[in-house]
Amino acid sequence: MARFETPMSEMAMMGGNSADALCELGVNYATGRGCKADPVAAHKWLNIAAIKGSDRAAELRADVAATLTKMQLAAALRAAREWMTMH
């Protein structure tokens, strides 16, 4: 039986865009829990969570940023900015 998969960004939306839900989304992408590990997406969601007030996300964002190239970091920041503009 096929399982219905909800895209992770939609899961964040269902969490009411709370900083905690967005932080967990970033952790999921950072660790590959429930998805393919994606450090750029992890930084994006952790950055958004940090902007919304999550101290934990700010700490984790710094850890993820240390693993990114300048191009990857720019892409993550751009994606976070675009998401914040739309939401």
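This note comments on the predicted model shown above.

1. Basis. The model is predicted, so local features need pLDDT of at least 70 and side-chain atom pairs count only at pLDDT 80 or more, while totals for chains, interfaces and linings use all residues. Residues are numbered from 1 along each chain as its sequence is written, and side-chain values use heavy atoms, with hydrogens and water left out.

2. Fold. The protein has five helices and zero strands, in the order α-α-α-α-α from the N terminus. Helices (H or I, at least four residues) and strands (E, at least two) are DSSP runs, numbered from the N terminus. Of the contacts (heavy atoms within 4.5 Å) with a separation of 6 or more, 52% join residues 24 or more positions apart.

3. Surface. Of the 87 residues, 32% are buried; buried means under 20% relative accessible area, exposed over 50%, and partly exposed in between (1.4 Å probe, protein chains only). The protein exposes about 5,500 Å², with 57% of that from carbon and sulfur atoms. Areas come from the Shrake-Rupley method with a 1.4 Å probe; for residues, only the protein chains shown count as cover.

4. Helix α2. Buried residues in α2 include Ala19, Leu22, Leu25 and Tyr29. Just after α2, Gly32 has a positive phi of about 75°.

5. Cysteines. Cys23 counts as buried because its relative accessibility is 3%. Cys35, at 22%, is partly exposed. A disulfide is a pair of cysteine sulfur atoms within 2.5 Å; by this rule the count is zero.
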